[in-house]
Amino acid sequence: MSEIQNYETPNSVSEAADILAKGDVTILAGGTDLMVQVDAGRVEYKSTLMNIRRVEGLRGISDEGDHLRVGALTTITDLLESDLIAEHGTILTEAADAFASVQIRNAGTIGGNISNASPAGDTLVPLVVLNAEVELASKPNGSIVTRTIPIKDYFTGPGKTKKEDSELLVAVIIPKPAAGFVSTFDKFGSRPALDISTVSVGLGGVLKDGALTDVRVAFGAVAPVPLKATATEAATEGKKLDEATIDAIAATAKDEVNPIDDVRATAWYRKEMIESSMKKVLRHVSK
Amino acid sequence: MSANKKMLTREINFTLNGSPVQVSVPVAENALIMLREELNLTGTKYGCGEGECGACSILMDGESVNACLMFAVDCDGREIVTVEGLAQDEVNDQLRDAFVEKGAVQCGFCSPGMMIAAKALLDKKPNANRDEIKRGLEGNICRCTGYVKIIDAVAAVSGTNQ
Ligand SMILES: Cc1cc2nc3c(=O)[nH]c(=O)nc-3n(C[C@H](O)[C@H](O)[C@H](O)COP(=O)(O)OP(=O)(O)OC[C@H]3O[C@@H](n4cnc5c(N)ncnc54)[C@H](O)[C@@H]3O)c2cc1C
Ligand code: FES
Ligand code: FES
């Protein structure tokens with residue numbers, strides 16, 4: 001039913017998990033997806049609307065030794081301005097920089113972007129490249145249980161993830177990449193700022209003597225979920241990135257994707273874009 | 001929205017343009033409707049209702065956000081500033097004069113949102129250059145001026161010649 005019967009503002013993860021355990025809850029973070037989706041009639045409110053913005057400890061980026069912990073309520077602006085992210089995950093800084101407008105970046109959260117699970121969600125490709133994991137919390141038997149899922153396995157379809165309704169996404173864990181790791185993000189939409197990506201490409205790897213190892217490639221908006229491009233990764237691994245190799249890798253990338261026609265672009269156009277975007281990111285990191 | 005009439009409401013308290021307010025709002029209503037219809041502050045404009053145009057920009061705890069995407073209940077406990085609240089603001093006095101002088105206002109519909117976005121930008125980067133100004137205003141659409149005069153006006157206040 002679309003009638004809201006309860007409005008809850010939990011202060012802790014534990015309180016939020018208790019509310020979720022009762023079921024039939026719509027979670028509200030920044031609201032930038034939810035408000036638009038409800039107004040457009042694509043989403044109906046459940047009987048409880050739970051605003052998680054006051055939950056303690058869910059916002060911010062911390063250095064935990066071998067990994068960074070990014071709270072679910074961390075805004076896109078927080079990501080963009082973080083020195084820790086710039087140091088260990090340049091690709092995420094670049095994606096935050098290409099994300100919508102100041103106003104949307106100030107309100108939108110990383111947890112909302114992931115949970116919305118749009119194949120065009122701009123933090124998803126960088127998080128796949130960074131081998132990130134999501135941490136979920138719930139209270140099945142009265143005490144908090146958490147589990148983590150690698151982001152590359154997290155999405156099951158547009159708007160769908162492995163998260164249970166009783167679970168709250170609490171944080172994103174980003175392992176610190178090895179020394180020499182470089183990464184970059186390229187997004188193509190029809191208008192630079194507010195447009196939802198038509199295609200996006202993320203590339204990361206350890207650069208040495210003009211070649212990348214531990215190569216990670218991901219594509220956004222070309223499949224129902226962010227795509228980890230294993231064939232393109234294999235084509236890149238350990239190869240000296242001269243122009244001929246870059247062309248060959250980009251051709252592999254083009255073959256690896258199998259996009260659809262939709263209102264934003266045709267499949268043919270998306271394949272062309274993947275190829276040219278792939279060249280762009282390879283040239284960028286090899287410079 | 002007739003459904004709002006019977007929607008669950010919640011009483012919230014926040015600071016609006018420097019003064020405390022208490023208001024009861026439907027829990028799924030957006031802050032733009034609350035400001036315009038319940039609090040009669042019509043300076044904040046409704047353009048698109050979906051985060052694209054910036055006409056509804058307000059400051060929440062000093063940061064610009066789109067009121068049309070914000071749940072009114074989320075204003076609880078926060079400091080909200082609308083364009084009306086900029087009437088007594090030093091940066092805004094300069095912006096207003098510069099907008100007039102540079103011809104940055106035609107129909108004026110985008111101007112309240114532009115003022116808020118420009119104020120948020122200049123609070124963070126008082127000497128913003130033209131590129132930074134363009135970035136700072138990218139969430140604000142103007143159908144009349146073609147932007148150059150608006151950027152000129154903000155640049156006049158930041159004092160940039162780049
Ligand atoms: C004009 C405009 C431009 C945009 N541009 C971009 C863009 O360039 N790139 C891009 O990727 N996106 C873009 N978006 C989409 C949106 O802003 C982002 O997806 C944003 O990160 C969503 O975060 P939020 O906090 O606002 O989410 P909300 O709207 O609050 O929530 C989104 C969904 O996630 C669920 N949810 C939120 N937090 C949690 C949690 N912690 N645990 C479990 N579930 C949760 C909610 O229930 C809801 O279903 C744009 C949106 C608009 C309106
Ligand atoms: S009315 Fe809010 S952005 Fe257009
Ligand atoms: S002056 Fe008319 S929309 Fe900007």
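How many residue pairs are in polar contact across the interface of chain A and chain B? In this predicted model, the count across that interface is 11 residue pairs in polar contact, with both residues at pLDDT 80 or more. On the side of chain A that touches chain B, the elements giving two or more residues are β1 (6–8), α2 (34–39), β3 (48–51), α3 (76–81) and α6 (102–107) of chain A. Among these, α6(A) supplies the largest share, namely six residues. Sorted by class, the residues on this side of chain A are 14 nonpolar, 11 polar and nine charged.

## The interface between the chains

The contact draws 34 residues from chain A and 35 residues from chain B, and the two chains bury about 2700 Å² between them, with 50% of that area on carbon and sulfur atoms. In chain A, the residues that lose the most area to chain B are A:Y7, A:M35 and A:Q103, which together make up 27% of what that side buries. Between chain A and chain B there are also five salt bridges, and in one salt bridge the side chain of A:E81 meets that of B:K124 at 2.7 Å, N to O. A network of salt bridges links A:R53, A:R54, B:D61, B:D74 and B:R78.

## Salt bridges within the chains

Over all chains, the structure holds 26 salt bridges.

| Residue | Partner | Distance |
|---|---|---|
| A:K187 | A:D122 | 2.6 Å |
| A:K254 | A:E275 | 3.5 Å |
| B:D93 | B:R96 | 3.2 Å |

In the salt bridge of A:K187 with A:D122, A:K187 belongs to strand β11 (residues 181–188) of chain A, while A:D122 sits in the loop between α7 (110–116) and α8 (124–129) of chain A, so the pair ties together parts that are 65 residues apart in sequence. A:K187 has a relative accessibility of 15% and counts as buried, and A:D122, with a relative accessible area of 6%, is buried as well, because buried means under 20% relative accessible area.

The salt bridge between A:K254 and A:E275 also links distant parts of the chain, with A:K254 in helix α11 (residues 243–256) of chain A and A:E275 in helix α12 (residues 267–286) of chain A, 21 residues apart. Here A:K254 is partly exposed at a relative accessible area of 22%, whereas A:E275 is buried at 17%.

In chain B, by contrast, B:D93 and B:R96 both lie in helix α2 (residues 90–102), three residues apart, which is about one turn of the helix. Both residues are partly exposed, B:D93 at 31% relative accessibility and B:R96 at 35%.

## Two domains of chain A

Chain A is divided into domain 1 (6–51), domain 2 (61–175) and domain 3 (181–286). The C-alpha centres of domain 1 and domain 2 of chain A lie 18 Å apart, and 13 residues of domain 1 are in contact with 15 residues of domain 2. These two domains bury about 1100 Å² between them, 65% of it on carbon and sulfur atoms. Of the area that domain 1 buries against domain 2, A:V13, A:L20 and A:T32 supply 36%, more than any other three residues.

Across this domain interface there is one salt bridge, together with four residue pairs in polar contact, both residues being at pLDDT 80 or more. Helix α1 (residues 13–22) of chain A gives the most to the side of domain 1 that touches domain 2, with seven residues. By class, that side has seven nonpolar, four polar and two charged residues.

Terms used. Residues are numbered from 1 along each chain as its sequence is written. Chains are lettered from A and ligands numbered from 1 in the order in which they are written. This is a predicted model: local features need pLDDT of at least 70, side-chain atom pairs count only at pLDDT 80 or more; totals for chains, interfaces and linings use all residues. Side-chain values use heavy atoms; hydrogens and water are left out. A salt bridge is a side-chain nitrogen of Lys or Arg within 4 Å of a carboxyl oxygen of Asp or Glu. Helices (H or I, at least four residues) and strands (E, at least two) are DSSP runs, numbered from the N terminus. Buried means under 20% relative accessible area, exposed over 50%, partly exposed in between (1.4 Å probe, protein chains only). Contact means heavy atoms within 4.5 Å. Buried area is the accessible area (1.4 Å probe) that two parts lose on being put together, summed over both. A polar contact is a pair of N or O atoms within 3.5 Å; within protein, one must be able to donate a hydrogen and the other to accept it, and residues adjacent in sequence count only if both atoms are side-chain atoms. Ala, Val, Leu, Ile, Met, Phe, Trp, Tyr, Cys and Pro count as nonpolar, Asp, Glu, Lys and Arg as charged, and the others, Gly among them, as polar. Domain bounds come from an automatic or database domain assignment.
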